[in-house]
Amino acid sequence: MSGGSGIALATPYLDTDADQLAFSLGQPPHEALAVRDLTVGGVEVQLRLLGASHQVFAGPVRETVACLPGTPGGLPDTVRTSDGWQYRFTARVQDFTPEEFSNEVAWVRRMSDTHPRALYGIFPGAQEAVTALVVDPLADGLAWRTWHTYPQSRRIVATHTRMEAR
């Protein structure tokens, strides 16, 4: 794959909400709807779509943002250091008007279509229900961004992660 990879997902969109997403490090692989393996800046990366959630495995990091049984929702800003890497995760939830939401989802899809290291899924019957992941090299590591869109509430969860050598 040279550019972004948009996938029409074969699973129905479930009426979830941004507040149900939880953050976790170190989770095992969950059943994925789509996977993309890449090497970015010399680091093996696996982008995993889990429906309205994601996993990114990069070097020693196993990041999961998903509705996790037994784990309360919430996406805290996180900074950790391990195995010679500094890891920083941030997230924000934004509310939009109907027009703003449609414009933002269209931008995420266009950007993902043209990004060389992207993976995104579109749910059947809900063209504005999108989960997108992109990863970029940094001078001393890599960074990835994700978007989880919720058409029923017109909310978008955007995450940004940086993993840098220490």
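The model is predicted, so local features need pLDDT of at least 70 and side-chain atom pairs count only at pLDDT 80 or more, while totals for chains, interfaces and linings use all residues. Residues are numbered from 1 along each chain as its sequence is written, and side-chain values use heavy atoms, with hydrogens and water left out.

The chain has 1 helix and 12 strands, where helices (H or I, at least four residues) and strands (E, at least two) are DSSP runs numbered from the N terminus. Along the sequence they follow the pattern β-β-β-β-β-β-β-β-α-β-β-β-β.

| Property of the chain | Value |
|---|---|
| Box filled by the C-alpha atoms, along the principal axes | roughly 45 × 40 × 30 Å |
| Accessible surface (Shrake-Rupley method, 1.4 Å probe) | about 7,800 Å² |

Buried residues, meaning those under 20% relative accessible area (1.4 Å probe, protein chains only), make up 47% of the 166 residues.

A nonpolar core is a set of buried Ala, Val, Leu, Ile, Met, Phe, Trp, Tyr and Cys residues joined through side-chain atoms within 4.5 Å. The largest such core has 27 residues, and those with the most contacts inside it are Val-45, Leu-47, Ala-58, Leu-142, Trp-144 and Met-163. The strand β4 gives the most to this core, with 4 residues. Apart from this core lies another, of 14 residues, among them Ala-118, Tyr-120, Trp-147 and Ile-156.

Leaving aside neighbours within four places in sequence, Leu-142 is in contact (heavy atoms within 4.5 Å) with residues including Val-40, Val-43, Val-45, Ala-58 and Met-163.

Terms used
Buried means under 20% relative accessible area, exposed over 50%, partly exposed in between (1.4 Å probe, protein chains only).
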